[in-house]
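Here's a quick briefing to read with the model open beside you. We'll go through some strand pairing, a cavity and a few aromatic contacts.

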Amino acid sequence: MLAPPNDLPGVTFVLPVCRCPATVADSLERLTAHLAADRESWELIVVDDGSDDGTPEVVADWQGAHPERPLRLIRLSRNRGKGMAVRTGLTAARGALALFTDADLPYDLEAVRQIVARLRAGAAAAIACRVLPESRYQMSPAFFSYLYTRHLMGRAFNLLCRTFVLPGVRDTQAGLKGIDLRFVRPLLGRMVLDGFSFDVELLRAIRDAGGAIEEVPVVFRYDSEPSTVRFIADSLRMARDLARVRWCSLRGTWRRASSPRVETVADDFGLSADVNEGIRELLERGAVTGTSILACADGSSEAIAWAASHPQFDYGAHLSLTEGRPVLDPGRVPSLVGPDGRFVPLGRFFCRWLAGRICIDEVRAEWSAQIDRLREAGVPLRRLDSHQHVHLLAPLFRGVASPLARTHGLRVRTMSGVGRPRLVPPDLRGVILRALSWWSRRACPAGVVLSAGTGTTLLGCPELREVRRLVAQAPGPETVELVVHPGRPSSGRLAVGSRWDATRGREFDLLLQPEVRALLGTFAGAAEHAPEAAPPVTVEARRRELAVGIQ
């Protein structure tokens, strides 16, 4: 049966579709009829891979005409490939088990029951196999040429798979597959292939992680030539992908004992009305896991009042010395302000710092006042960081930020550059912050809980590929904060006055893309699906890890 939207299903069926408006309605009719008649409780997710020919509209119209057969439609922002579409659907799945197949349903759906049975019996993956003795082909004479083109090329590709990547698996490319999401979900975020080779990568990841793969016979119907597959070009691309899968396997990508927990944190809540509006929407829609609040910027009063009335979200203190007005009277912190009583910009702050004109006691008093303003308003705080990362200056980190964090029971963010620095274009900002973080961690007092921050490259490149690069290099089991700076312009531009204004709207749009949310969701739930949640990383633990690595 198809589970009502508010009920938790036992199994999820993911159907990726792309540019098939003429056939998708018939596929939905056949698939939902089969699932509705089955004794399992099913959820159906249709993922549209950026179709531009009306396919998602056909799905939506069918959904409206059949309210008794519920489904969820997810639309990717643009064409990403079958692998990304399936992975997005698997991440959104609520069932413990999940199946997926091709949009034209070329496999007899009776095999679905066998696949579910194998998964319930303990297999991590159960897949259709067209070359088992019990399998059958159904083919129109008009497609006999298939035997000399697609079939032979497919078998040649599968021979390469069995030889170099998946020994013992006879049919890696059959489109009907089932997986146990309780086993596979932690692996999804480490996968990198978006095209048709996604199947091979998925099966290799399952094998490397110790999961069992079983094959079931199927009846395969071949009566059309899918327009989304180009024989020669796709075969060459998949051969290249095999090398990538093998390389990842040799590196142990899928053998890691644990994955990092990635928290997507929106900085600068309180900077302006446009930034506040964007961050509020992202929090309410679940696109970010938390935000850091400025206590002294132009939009701080609005942000603080909203945060105090929404304690269910995750908040941090975004301490400032370079934006807004001090919470204390400017006369009490003269080394931190200009003639207008506002904090000086970052460049002037560093000039004063290098000249020895910044008073550490004034910084301590002002930052204490900023934290007190947030706490007195009723904002529940969990972390501490700073605007433009000035707390990473070693004297401020050791003498001010760390003691404040220990006093208030807060975690301190370092921008430790968890991934390799980007070389083209060069991420000079990230290299500097990584060096400051390394020095600050070494000088940090004992007992202070740290988190690793990353995301500086998103300021100039708010793209899915950059998010993937950053989170893929994050080490487990440490908590990693993906730092973002979104905003929602209400009049065509953000009224902030920063050189990063142009990218804030793009980061906002990026974080709402289903494929980005799916990627981050696999890491946000890593601790939830791990056998045991990892404890916070303290300075002493980090030093022990570094010492072991040196040995």
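Predicted model: local features only at pLDDT ≥ 70, side-chain atom pairs only at ≥ 80, totals over all residues.

**Around strand β2**

- A right-handed β-α-β unit is formed by β1, helix α1 (residues 24-37) and β2.

**How covered is β2?**

- Strand β2 spans residues 42-48, and seven of its seven residues are buried.
- In a regular strand, side chains alternate between the two faces of the sheet.
- Both faces of β2 are covered: one side has Trp42, Leu44, Val46 and Asp48, the other has Glu43, Ile45 and Val47, and all of these are buried.

**Aromatic pairs**

- Searching the whole structure turns up nine aromatic pairs.
- One of them joins phenylalanine 13 and tryptophan 42: the ring centres are 6.1 Å apart and the planes meet at 50°, so the pair is tilted.
- Phenylalanine 13 is in strand β1 and tryptophan 42 in strand β2, so this contact ties together parts that are 29 residues apart in sequence.
- Phenylalanine 13 is buried, at 0% relative accessible area, and tryptophan 42 is buried too, at 1%.
- Phenylalanine 349 and phenylalanine 350 make an edge-to-face pair, with 5.9 Å centre to centre and 70° between the planes.
- Within that pair, phenylalanine 349 is buried with a relative accessible area of 0%, whereas phenylalanine 350 is partly exposed at 29%.
- Ring pairs also link Tyr107, Tyr137 and Phe220 into a cluster.

**Cavities**

- There are two cavities of 30 Å³ or more in the structure.
- The second largest cavity holds about 80 Å³ of space.
- Its lining includes Met84, Arg87, Leu188, Met191, Arg468, Glu515 and Leu519.
- Helices α3 (82-92) and α17 (514-524) each supply at least two residues of the lining of the second largest cavity.
- By type, the residues lining the second largest cavity split into five nonpolar, four polar and three charged.

Methods:
Residues numbered from 1 in each chain as written. Heavy atoms only, no water. Buried < 20%, exposed > 50% of the residue type's maximum accessible area, 1.4 Å probe, protein only. Helix = DSSP H or I, 4+ residues; strand = E, 2+ residues; numbered from the N terminus. Right-handed = clockwise from strand over helix to strand, strands pointing away. 1 Å grid on protein atoms, 1.4 Å probe; cavity = no way out; pocket = protein on both sides within 12 Å on 5 of 7 lines; lining within 4 Å. Points joined across faces, edges and corners; volume = space filled by probe spheres on them. Nonpolar A, V, L, I, M, F, W, Y, C, P; charged D, E, K, R; others polar. Phe/Tyr/Trp six-rings, centres within 6.5 Å; stacked < 30°, edge-to-face > 60°.
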